[in-house]
Amino acid sequence: MGKKEKWKRLMDAFGRKAAPEYEEKGYPQAGLREMAQTLSGTDARQWGKYAFHREPLEGKFTEEQKDAFTLRANACGKEWAKRIAGKYESRSPRKIAQKMGLKIRMDNTSRGGANVLFAQFVQPDEITLFADCIDRGCALREESGCALLERETLTDVLLAHELFHAVEERNAETIYTRTEKVELWRKPFSNRSSIACLSEIAAMAFAGRLLGLESSPYMLDVLLVYPYNKDMAWALYDEVCALVGK
Ligand SMILES: [Zn+2]
């Protein structure tokens, strides 16, 4: 696998890399149930801010621009969920993936360590789910009270999220998350880049609409880290609390 391809893989992954500085700061140690409750009440605009916090190009935008991008990315995800469900006459991510000719691979190697990876889309046609992550997430179902951690739901959410990345890839010329671009520099050539976090925002909205979820699956971005690295989960949770003013 070439260097560029490897980067691409990471961009399309539902998961995150641990940053060592999380461990030393001593974030408030919130209980799992309290975390799940606050996170489920976090709205799309707040998740947009969370998404932009990890966007390399964040510094190029004003708060108003970020809000506007967030709105459009959410609309894009929902619109495509409607379109895809209609086109393939199904709301089951597994069935849709099949009809789209995508392979679903279950990776059974144990994870952990520096990289927490839940699922990924590998071009052109493969979605990988990480069994260890699903197992550890489901184990928190009761303690957290979070319905998204029901095994079937969790699997569907992860699949639906990656399905959106496949949809993006196949509609790269027209889909909002790819056509929205920012000028990085103009001279001597114009260099325009798409904004990576818009894909993530839209993928979560896509999953939410396709599966008819009440709260944003973005909460899994925090909760699924918990069984691997509590300090990092608390750090992420603390960030969300700051965004929602708790
Ligand atoms: Zn993603």
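Let's start at Pro124, which sits in the loop between β3 (115-122) and β4 (126-130). Strands here are DSSP runs of E with at least two residues, helices are runs of H or I with at least four, and both are numbered from the N terminus. The peptide bond from Gln123 to Pro124 is cis, with omega near 0°. A cis bond also joins Lys187 and Pro188, with omega about 0°, and Pro188 is in the loop between β5 (181-185) and β6 (191-194).

Before going on, two notes. This is a predicted model, in which local features need pLDDT of at least 70 and side-chain atom pairs count only at pLDDT 80 or more, while totals for chains, interfaces and linings use all residues. Residues are numbered from 1 along each chain as its sequence is written.

Glu169 and Gln123 are 46 residues apart in sequence, yet 8.1 Å apart in space, C-alpha to C-alpha. Glu169 belongs to helix α8 (residues 151-170). Is Glu169 buried, exposed or partly exposed? We call a residue buried if 20 or more other C-beta atoms lie within 10 Å of its own, exposed if 12 or fewer, and partly exposed in between, with C-beta atoms placed from the backbone. Glu169 has 15 C-beta neighbours inside 10 Å, so Glu169 counts as partly exposed.

For a contrast, look at Glu89, in the loop between α4 (63-87) and α5 (93-99). Glu89 is exposed, because 9 other C-beta atoms lie within 10 Å. Glu89 also has a positive phi of about 50°, although it is not a glycine.

Now the whole chain. There are 12 helices and six strands, and buried residues make up 39% of the 246 residues.

What does the inside look like? In soluble globular proteins, nonpolar side chains tend to be buried together. A nonpolar core, for us, is a set of buried Ala, Val, Leu, Ile, Met, Phe, Trp, Tyr and Cys residues joined through C-beta atoms within 7 Å. The largest one here has 67 residues, and Phe164, Ala202, Phe206, Val222, Leu223 and Val225 touch the most other members. Helix α10 (residues 196-210) gives the largest share of this core, 10 residues.

Ala203 is also in helix α10, and Ala203 counts as buried because it has 28 C-beta neighbours inside 10 Å. Leaving out residues up to four places away in sequence, Ala203 touches Gly77, His161, Phe164 and His165; contact means that the two C-beta atoms, placed from the backbone, lie within 7 Å.

Last, a pair of helices. Two packed helices are described by the angle between their axes and the distance between the axes. Helix α3 (residues 44-53) and helix α12 (residues 230-244) pack at about 130°, with axes 10 Å apart. The axes are lines fitted to C-alpha atoms, for helices over the stretch in contact, and angles run from 0 to 180 degrees between N-to-C directions. That angle makes α3 oblique to α12; under 35 degrees is roughly parallel, over 145 roughly antiparallel, 65 to 115 roughly perpendicular, and the rest oblique.

Which residues of α3 and α12 make the contact? From α3 come Gln46, Lys49, Tyr50 and His53, and from α12 come Glu239, Val240, Leu243 and Val244.
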